[in-house]
Amino acid sequence: MDILKKLWPTAFAIKAKDVVSFVIQLVIFLVVCAVVGWLIAVLASIPVIGIIFGIIGALMEIYSVVGIILCILKFLGML
């Protein structure tokens with residue numbers, strides 16, 4: 001559990017059954033992912049470094065999905 005708290009500190013800032021903190025964290029995850037995803041999509045169109053940015057984009061998506069799942073679990077009081 002300590003490793004999860006170090007990797008996703010914002011997901012554990014949510015209080016159980018607190019809708020405001022839950023929505024704020026979800027909006028932060030979604031906005032950051034949208035902006036970084038758009039930037040990576042632009043940079044991935046460059047032929048030479050496109051593969052590297054494609055891998056970085058995939059890792060960012062995985063990190064975000066896990067963060068959102070942790071937010072939901074923390075909100076429901078399961079963590």
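The model is predicted, so local features need pLDDT of at least 70, side-chain atom pairs count only at pLDDT 80 or more, and totals for chains, interfaces and linings use all residues. Residues are numbered from 1 along each chain as its sequence is written, and side-chain values use heavy atoms, with hydrogens and water left out.

**Exercise 1.** Compare the span of helix α2 with its expected span.

*Solution.* Begin with the extent: α2 covers residues 19-44, which makes 26 residues, where a helix is a DSSP run of H or I with at least four residues.

**Exercise 2.** Describe the aromatic pairs, taking rings of Phe, Tyr and Trp (its six-membered ring) with centres within 6.5 Å as a pair, and planes under 30 degrees apart as stacked, over 60 as edge-to-face and the rest as tilted.

*Solution.* The count comes to 2 aromatic pairs. In one of them, W8 and Y63 lie 5.2 Å centre to centre with 20° between the planes, and are stacked. W8 belongs to the loop between α1 (2-7) and α2, while Y63 belongs to helix α3, 55 residues apart. W8 is buried, at a relative accessible area of 10%, whereas Y63 is partly exposed at 34% (buried is under 20%, exposed over 50%, partly exposed in between, with a 1.4 Å probe and protein chains only). The rings of F22 and F75 have centres 4.5 Å apart and planes at 20°, so they too are stacked. Because F22 lies in helix α2 and F75 in helix α3, this pair ties together parts 53 residues apart in sequence.

Note on methods:
Helices (H or I, at least four residues) and strands (E, at least two) are DSSP runs, numbered from the N terminus. The expected span of a helix is 1.5 Å times one less than its number of residues.
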